[in-house]
Amino acid sequence: MTSKPLTVVKCGGNPAVDAAGICADIARLVREDRSVLLVHGGSGEIGRLAGRLGVPQRTLVAPDNVSTRYTDPDTLEVVILALAGAVKPRLIAELARHRVPAVGLTGMDCRMLRAQRKSAVRSVVDGRTVLVRNNLSGRITTVDTGLPRTLLHAGYVPVVSPPAIDEHDQAVNVDADRAAAALAAALGAEELLLLTGAPGVLADPDDPGSVQSSIQISPTGAPDPSARGGMALKLIAAREALAGGVGSVRIADGRIPEPVSRTLAGAGTTVHISRAESPNHSSREREIRR
Ligand SMILES: Nc1ncnc2c1ncn2[C@@H]1O[C@H](COP(=O)(O)OP(=O)(O)OP(=O)(O)O)[C@@H](O)[C@H]1O
Ligand SMILES: [Mg+2]
């Protein structure tokens with residue numbers, strides 16, 4: 001735990017997300033003497049940069065509907081350039097404009113986010129499940145809280161993104177929502193806000209009016225049939241955060257004015273784990289809590 005209550009905010013990489021609004025809200029929280037850690041993705045910028053550099057992009061869809069980015073070596077380079085070279089400096093500049101002392105980091109710094117590479121991942125191609133190899137992505141196994149704790153104690157706002165670092169001390173792509181969840185759990189955050197390009201978790205992904213104010217997800221297995229693609233992964237991240245002891249997790253709209261304040265005031269979807277015995281600290285989550 002940091003001495004002040006900690007809020008972890010994840011800013012989605014959809015270009016419609018109001019990053020400037022999120023930064024202005026973070027400045028307000030900091031002025032109110034709260035600790036804030038900002039995690040960001042960058043799917044929009046990664047796609048744009050990959051297009052400019054001529055690096056083809058491929059999405060892997062797992063049998064449970066969760067989609068992830070296929071990360072070959074060229075794509076990993078694009079991911080690092082986009083996140084650490086474009087999205088993060090913009091966020092740091094915006095926070096600086098509000099006089100927030102922000103420090104940009106990736107999960108590699110001080111080996112903060114350690115991940116194990118998945119040697120092969122299952123993906124559905126033309127209705128058949130196949131094994132895809134040479135994927136430079138992985139799953140977070142350990143969070144070293146030393147660096148973010150030191151920064152938070154000293155009043156800085158860490159701004160963190162993938163990649164993580166693997167068992168051979170090489171960069172490895174990880175999902176930004178799950179990185180936010182792992183950090184929030186390991187740092188004992190009071191709340192995790194996942195701000196994205198949707199108004200919350202929709203009962204019908206094609207109906208923006210079908211926001212669910214709360215959602216119960218099972219402790220294991222596929223999260224919810226209504227959630228596809230990046231939202232399915234977001235629910236998995238939310239579950240990991242709650243199981244790791246984070247007080248509350250909300251998935252909400254990052255495109256509206258004052259997105260953080262509105263989410264703290266109740267906008268979006270609150271995620272709960274169904275079943276009385278949650279949070280269940282599985283061995284992996286205990287390892288992540290460190
Ligand atoms: N049931 C659902 N409710 C809301 N959004 C959904 C649902 N199912 C699928 N989605 C899609 O999931 C998207 C959110 O995940 P996505 O990974 O695209 O964004 P992000 O995580 O905020 O950005 P990044 O991955 O760059 O960090 C929504 O914008 C929407 O298109
Ligand atoms: Mg995503």
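Student: Where is Pro 163 found?

Tutor: Pro 163 is in the loop between β10 (157-161) and β11 (164-165). Please keep in mind, as we go on, that this is a predicted model.

Student: And what about the peptide bond from Pro 162 to Pro 163, cis or trans?

Tutor: That bond, running from Pro 162 to Pro 163, is cis, and its omega is near 5°.

Student: OK, changing topic. What does UniProt place at residues 6-253?

Tutor: The UniProt entry, which is unreviewed, places the feature "domain: Aspartate/glutamate/uridylate kinase" there. Over residues 6-253 the chain is 33% helix and 29% strand, with the end C-alpha atoms 20 Å apart.

Student: Now the sheet: in what order do the eight strands come?

Tutor: The order is β5-β10-β2-β1-β13-β15-β16-β14, and this is an open sheet with mixed pairing. At the edges stand β5 (102-106) and β14 (214-217), and each has a single partner strand, so one side of each is left without a neighbour in the sheet.

Student: By how many degrees are neighbouring strands turned against each other?

Tutor: On average, neighbouring strands of this sheet are turned by 25° against each other, if direction is ignored.

Student: Which way do β1 and β13 run, parallel or antiparallel?

Tutor: Strand β1 (residues 6-11) and strand β13 (residues 191-196) run parallel, and five bridges join them. As an example of a facing pair, Lys 10 stands opposite Leu 194 in β13.

Student: On to helices. At what angle do α2 and α3 pack?

Tutor: Helix α2 (residues 43-53) packs against α3 at an angle of about 125°, with the two axes 9 Å apart. That angle makes α2 oblique to α3, and their crossing is right-handed.

Student: Which residues make that contact between α2 and α3?

Tutor: From α2 the contact includes Ile 46, Leu 49 and Leu 53, and from α3 it includes Val 78, Leu 83 and Arg 90, among others. By class, the residues of the contact of α2 with α3 divide into 11 nonpolar, no polar and three charged.

Student: And how do α1 and α3 cross?

Tutor: The axes of helix α1 (residues 19-31) and helix α3 (residues 73-97) come within 9 Å and cross at roughly 45°, which makes α1 oblique to α3. Here, too, the description is a right-handed crossing, with α1 passing α3. Ala 19, Ala 20, Cys 23 and Ile 26 of α1 make the contact with Leu 91, Glu 94 and Leu 95 of α3, and by class this gives six nonpolar, no polar and one charged residues.

Student: Last pair: are α5 and α6 roughly parallel or roughly perpendicular, and why?

Tutor: Helix α5 (residues 176-186) and helix α6 (residues 229-243) pack at an angle of about 10°, with their axes 8 Å apart. Angles under 35 degrees count as roughly parallel, and α5 and α6 are therefore roughly parallel to each other. Their contact includes Asp 177 and Arg 178 of α5, and Lys 234 and Glu 240 of α6. The contact of α5 with α6 has six nonpolar, one polar and four charged residues.

Technical notes
Residues numbered from 1 in each chain as written. Chains lettered and ligands numbered in written order. Predicted model: local features only at pLDDT ≥ 70, side-chain atom pairs only at ≥ 80, totals over all residues. Heavy atoms only, no water. UniProt positions renumbered as here; feature names shortened; annotations may be inferred. Helix = DSSP H or I, 4+ residues; strand = E, 2+ residues; numbered from the N terminus. Axes fitted to C-alpha atoms, helices over the stretch in contact; angles between N-to-C directions. Parallel < 35°, antiparallel > 145°, perpendicular 65-115°, else oblique. Left-handed = near helix turned anticlockwise from the far one by under 90°. Contact = heavy atoms within 4.5 Å. Nonpolar A, V, L, I, M, F, W, Y, C, P; charged D, E, K, R; others polar. Pairing = 2+ DSSP bridges.
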